[in-house]
Amino acid sequence: MRAATSRPAFADVAEANLDAVHRYLVHMVGDRHLADDLTSATFERALRDWRRYDPARGRPSVWLVEIARRVALDHFRKDGRRRAREERYAAGIPEATPPPDGPGGLPDDLRDALGRLTRAEREVVALRVVLGLDAAEAGRVAGMTASAVGTALHRALGKLRAEVARP
Amino acid sequence: VSDVTPERLAELADGATPETEAERDAVALMAEVRDLAEPAPDAVRERVRALAAEGPAAAGRPRGGWRRLALAGAPVAAAIVALAIAIPVLTRDDDGGSRDVPAAAADSANPMAAGAAEAQTAPPAAAAPPPQADALHAPEPQSGATRMRGDVAGRVDRARAALEEAGATGVRLEGSADGATATLVAEVPAGAAEAATRGLEEQGARVTTTRVEGVVVVRATLTGGG
């Protein structure tokens, strides 16, 4: 029989993990305003599904990031359909991809370099470096093995260092 | 960074202390990336706080609610169907006797009420307590007759014959758990009730009668050695 694990209050979990979820989404979608909206959507969905959260299966932060990922992917799917529709009517006009914007005073080249990573690479950087999840947790969120997470992180940081001069 | 192996980079990401220049560079790069991240804007923070304060209702209905409802409702629906089938069957089994049994039982248990039961003009169903109140004669299946012992079994047969001679219908046998007592219950035409009672008393039965809508419900209790 599994030992009972205490269940935190949703408000406490939301407060403690709001920044992490927002940062993850900024990296995933590369647009701070969109990340704001998706963060709200993530917590709405999390609140709706809160009864299903099982503390024995993982930290609430991982559970929330998994939800954030689904919210982001749903957005990409809808956005992809929307773009496809629009492209049928406005063929040939390239749509500008908003670069990931960051806070003032931090290196723009690093921000730009992050924006040039693939989405999977940005996600691994967000999970492992920004959120501090371990390789197994990051793999669970991203649907990869821990080993693949390590390889992707190595590749992503290599690309960043290649583009960004050392301070 | 490319000089650091993926395994070692994973250790550094988990907080290991860098030992070489390349490792220190990798850790510095990760710190820069980490510093790039900003906290969530206040507007988002307020929105999420308000959401958490309002509770699950604010987040709308959970998806798949109808599925859960169907799952929860299925056993209830099955129980209703089973009851709908079982009730008519049980009611039919009880017809012709059990509704009258409590009145007769009350008669034998309380002599003061015996006369009153006969004189009562209200329908027996209205006056009778529920069947399970009959503690004196707990219903037994027909096979209870096989447990009759000694002379009880013989007297039961003769009493049954007397009832049939009097034109009784719906004759049924109830027995006590130890087989020492048997009770015959039957409906007898009003005109033949006296003859039936006499025939039963000849077998040593204790007889009570209840008049119900033109027939007399006769209840004859035979006790071993009686």
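Are Asp25(B) and Arg161(A) buried or exposed? I found both Asp25(B) and Arg161(A) buried (under 20% relative accessible area, with exposed over 50% and partly exposed in between; 1.4 Å probe, protein chains only).

**Conventions**

I worked on a predicted model, in which local features need pLDDT of at least 70 and side-chain atom pairs count only at pLDDT 80 or more, while totals for chains, interfaces and linings use all residues. Residues are numbered from 1 along each chain as its sequence is written, chains are lettered from A and ligands numbered from 1 in the order in which they are written, and side-chain values use heavy atoms, with hydrogens and water left out.

**Entry 1: the interface of chains A and B**

I looked up the extent of the contact (heavy atoms within 4.5 Å). Chain A contributes 42 residues and chain B contributes 38 residues. The two chains bury about 3,800 Å² between them, with 63% of that on carbon and sulfur atoms; buried area here is the accessible area (1.4 Å probe) that two parts lose on being put together, summed over both.

I then noted 11 residue pairs in polar contact between chain A and chain B, both residues being at pLDDT 80 or more. A polar contact is a pair of N or O atoms within 3.5 Å; within protein, one must be able to donate a hydrogen and the other to accept it, and residues adjacent in sequence count only if both atoms are side-chain atoms.

On the side of chain A that touches chain B, the elements giving two or more residues are α1 (10-29), α2 (32-48), α4 (108-116), α5 (119-130) and α7 (146-163). Helices (H or I, at least four residues) and strands (E, at least two) are DSSP runs, numbered from the N terminus. I recorded the residues of that side as 19 nonpolar, 8 polar and 15 charged (Ala, Val, Leu, Ile, Met, Phe, Trp, Tyr, Cys and Pro count as nonpolar, Asp, Glu, Lys and Arg as charged, and the others, Gly among them, as polar).

**Entry 2: salt bridges between the chains**

The rule (a side-chain nitrogen of Lys or Arg within 4 Å of a carboxyl oxygen of Asp or Glu) gives 20 salt bridges over all chains.

Asp19(A) pairs with Arg45(B), their closest N and O atoms being 2.6 Å apart. Asp19(A) belongs to helix α1 of chain A and Arg45(B) to helix α3 (residues 42-54) of chain B, so this pair joins two chains. Arg45(B) is buried, at a relative accessible area of 13%. Glu15(A) also forms a salt bridge with Arg45(B), with the closest N and O atoms 4.0 Å apart.

I returned to Asp25(B) and Arg161(A), whose side chains meet in a salt bridge at 2.9 Å, N to O. Asp25(B) is in helix α2 (residues 21-36) of chain B and Arg161(A) is in helix α7 of chain A, so here too the pair joins two chains. Separately, I traced one network of salt bridges with shared partners, which joins Glu15(A), Asp19(A), Arg45(B), Glu46(B) and Arg49(B).

**Entry 3: a salt bridge within chain A**

Arg140(A) and Glu66(A) form a salt bridge of 3.2 Å, N to O. The pair links distant parts of the chain, with Arg140(A) in helix α6 (residues 135-142) and Glu66(A) in helix α3, 74 residues apart. Arg140(A) is partly exposed at 37% relative accessibility, whereas Glu66(A) is buried at 16%.

**Entry 4: aromatic pairs**

I counted 4 aromatic pairs over all chains. Rings of Phe, Tyr and Trp (its six-membered ring) pair if their centres lie within 6.5 Å; planes under 30 degrees apart count as stacked, over 60 as edge-to-face and the rest as tilted.

Tyr53(A) sits in the loop between α2 and α3 (60-89) of chain A and Trp63(A) in helix α3, 10 residues apart. Tyr53(A) is buried at a relative accessible area of 4%, and Trp63(A) is buried at 12%. Ring pairs connect Phe10(A), Trp50(A), Tyr53(A) and Trp63(A) into a cluster.

**Entry 5: chain B**

Chain B has 9 helices and 4 strands. Buried residues make up 35% of its 226 residues.
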